[in-house]
Amino acid sequence: VPSDSVKLLICDAPYETQYLDVFQPLSLFSRRVLKPGGSLLCMVGSYHLPRILNDLSEYLDYQWVIATTFNGMTAFIPNRYVRCSWKPFVWFVNPPYRGKAIRDLIHTGEVDKRFHPHGQSTYEFGKLIGWFTKPGDTVMDCFLGGGTCAVAALSQHRRFIGIDLQKKHIETTRRRIDAVINGKEPIAARSE
């Protein structure tokens with residue numbers, strides 16, 4: 001991926017403890033590929049939030065947390081005695097950020113597990129892509145999964161780069177991209 005070429009890197013990184021080592025390299029990689037003023041939005045679990053914030057701060061500037069609430073859904077986190085009803089998108093920038101003011105709350109629809117066991121709704125990703133980018137901008141997801149970000153970006157006329165370690169996820173995303181191109185995949189949420 002060329003340096004200074006991506007306007008928005010948006011992803012849903014793995015939440016499990018064994019994957020915590022991805023965030024410091026993600027910070028370094030994001031610093032290289034993001035345009036000046038570009039943003040990294042990473043949906044993460046709250047359990048390891050202090051470490052994630054620390055690791056992402058290594059090469060990027062912390063900007064904010066954007067909350068995504070889920071209609072009636074909760075996840076019980078037994079070790080913390082919490083019924084979690086929201087997920088954070090941590091927002092970091094390759095300084096300086098000079099974009100528009102962003103809302104820090106999204107009320108989302110249902111999650112979509114049809115394409116990946118940890119799939120999310122295109123709604124919140126579509127909202128964020130619409131808020132942070134313009135048509136023609138490049139959006140990237142380096143934890144491609146089921147292709148949610150690809151659908152959200154392409155349906156809003158953004159360029160898209162996706163990366164994943166598992167070939168089956170890349171193939172799933174290719175099928176979804178074909179469906180977007182052929183008008184068979186629903187359009188993601190537009191920005192307000």
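## Core packing and side-chain contacts

Leaving aside residues up to four places away in sequence, I66 touches L41, K87, P88, F89, W91, I102, R103, D104, L105, I106, L128 and F132. The model is a predicted one. I66 is also among the residues with the most contacts inside the largest nonpolar core, together with I10, L41, F89, L128 and F132. This core has 23 residues. At least two residues of the core come from each of β1, β2, β3 (61–70), β6, α3 and α4 (148–154). The most is given by α3, which supplies five residues. Another core lies apart from this one and has 20 residues, including A13, L20, V33 and I52.

**Aromatic pairs**

Four aromatic pairs are found in a search of the whole structure. Two of them are set out below.

| Pair | Centre to centre | Angle between planes | Geometry |
|---|---|---|---|
| F89 and F125 | 5.2 Å | 75° | edge-to-face |
| W91 and F132 | 4.9 Å | 85° | edge-to-face |

The pair of F89 and F125 is classed as edge-to-face because its planes stand at 75°, and the cut-off for that class is over 60 degrees. F89 belongs to strand β6 and F125 to helix α3 (residues 122–132), so this pair ties together parts that are 36 residues apart in sequence. Both F89 and F125 are buried.

For the second pair, W91 is located in strand β6 and F132 in helix α3, so the parts tied together are 41 residues apart in sequence. W91 and F132 are both buried. One aromatic cluster is formed by W91, Y97 and F132.

Which residues of helix α2 (residues 49–56) are buried? They are L49, I52, D55 and L56. These residues lie on the same side of α2, because they cover an arc of only 130° around the axis. An α-helix has 3.6 residues a turn, so residues three or four places apart point the same way. On the other side of α2, P50 and N54 are exposed. The cover over the buried residues of α2 includes α1 (23–33), β2 (34–43) and β6 (86–93).

**Charged residues**

D21 is placed in the loop between β1 (6–12) and α1. Is D21 buried or exposed? With a relative accessible area of 53%, D21 counts as exposed, because the cut-off for that class is over 50%. The C-alpha atoms of D21 and R51 are 9.9 Å apart in space, while the two residues are 30 residues apart in sequence.

Two further arginines have contacts of other kinds. R80 lies over the face of Y47, at 4.1 Å from the ring centre. R176 is part of helix α5 (residues 167–181) and has a relative accessibility of 4%. R176 therefore counts as buried, the cut-off being under 20%. What does the side chain of R176 reach at 2.9 Å? The side chain of R176 reaches the backbone oxygen of G146 at that distance.

Note on methods
Residues numbered from 1 in each chain as written. Predicted model: local features only at pLDDT ≥ 70, side-chain atom pairs only at ≥ 80, totals over all residues. Heavy atoms only, no water. Buried < 20%, exposed > 50% of the residue type's maximum accessible area, 1.4 Å probe, protein only. Helix = DSSP H or I, 4+ residues; strand = E, 2+ residues; numbered from the N terminus. Arc of directions from axis to C-beta. Contact = heavy atoms within 4.5 Å. Phe/Tyr/Trp six-rings, centres within 6.5 Å; stacked < 30°, edge-to-face > 60°. Lys NZ or Arg CZ within 6 Å of the ring centre and 35° of its normal. Polar contact = N/O pair within 3.5 Å; in protein donor to acceptor, adjacent residues only side chain to side chain. Core = buried A, V, L, I, M, F, W, Y, C linked by side-chain atoms within 4.5 Å.
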